[in-house]
Amino acid sequence: ITKINVAYEEDNDRVEEVLRKVCEKMTKETEGKLEYMLLDGIEALDDSSVVYSIKVLADAEDAPVIKRNVLKHVKTEFDKQKIKIPYMQVEVHNEK
């Protein structure tokens, strides 16, 4: 299972559409290396993100490489679609 964090401001339907496309693309690209890959939906509502879950069934030896490829494809597609992945930020106020 791969978890993907997405900003609360993003439209759930749009995010799920992009993630489904990534699953379809990865399934085609990895012929024989994975049995299936599907979007499982929203896993959790964290403090700063909506967490989506993608299930991947593959041989144990291929799993780490496939997971890295999934994350790379998700990041690339999110960048193209301007979907925000939340990250920690520090805001500094310098008052006198």
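Tutor: Happy to! One term before we start: a residue counts as buried when its relative accessible area is under 20%, and as exposed when that value is over 50%. Keep in mind, too, that this is a predicted model.

Let's look at helix H2, which covers residues 63-81. At 1.5 Å a residue, its 19 residues should span 27 Å, and this agrees with its end C-alpha atoms, which are 27 Å apart. Now find the buried residues of H2: Ile 66, Val 70, His 73, Val 74, Glu 77 and Phe 78. Looking down the axis of H2, you will see these buried residues fall within an arc of 130°, so they line one face of the helix. On the face turned away from that buried side sit Arg 68 and Lys 72, both exposed.

What covers the buried residues of H2? The cover includes strands S1 (2-6), S2 (34-45) and S3 (50-58), along with helix H1 (12-29). S1 pairs with S3 in the antiparallel sense over five bridges, and Ile 4 stands opposite Tyr 52 of S3.

Finally, the largest nonpolar core has 19 residues, and Val 74 and Phe 78 are among those that touch the most other members. The elements giving two or more residues to this core are S1, H1, S2, S3 and H2, with H1 giving the most, six residues. Leu 19 is in contact with Val 74 and Phe 78, among others.

Technical notes
Residues are numbered from 1 along each chain as its sequence is written. This is a predicted model: local features need pLDDT of at least 70, side-chain atom pairs count only at pLDDT 80 or more; totals for chains, interfaces and linings use all residues. Side-chain values use heavy atoms; hydrogens and water are left out. Helices (H or I, at least four residues) and strands (E, at least two) are DSSP runs, numbered from the N terminus. The expected span of a helix is 1.5 Å times one less than its number of residues. Buried means under 20% relative accessible area, exposed over 50%, partly exposed in between (1.4 Å probe, protein chains only). The arc is that of the directions from the helix axis to the C-beta atoms. Contact means heavy atoms within 4.5 Å. Two strands pair if DSSP finds at least two bridges between them. A nonpolar core is a set of buried Ala, Val, Leu, Ile, Met, Phe, Trp, Tyr and Cys residues joined through side-chain atoms within 4.5 Å. Lists of a residue's contacts leave out its neighbours within four places in sequence.
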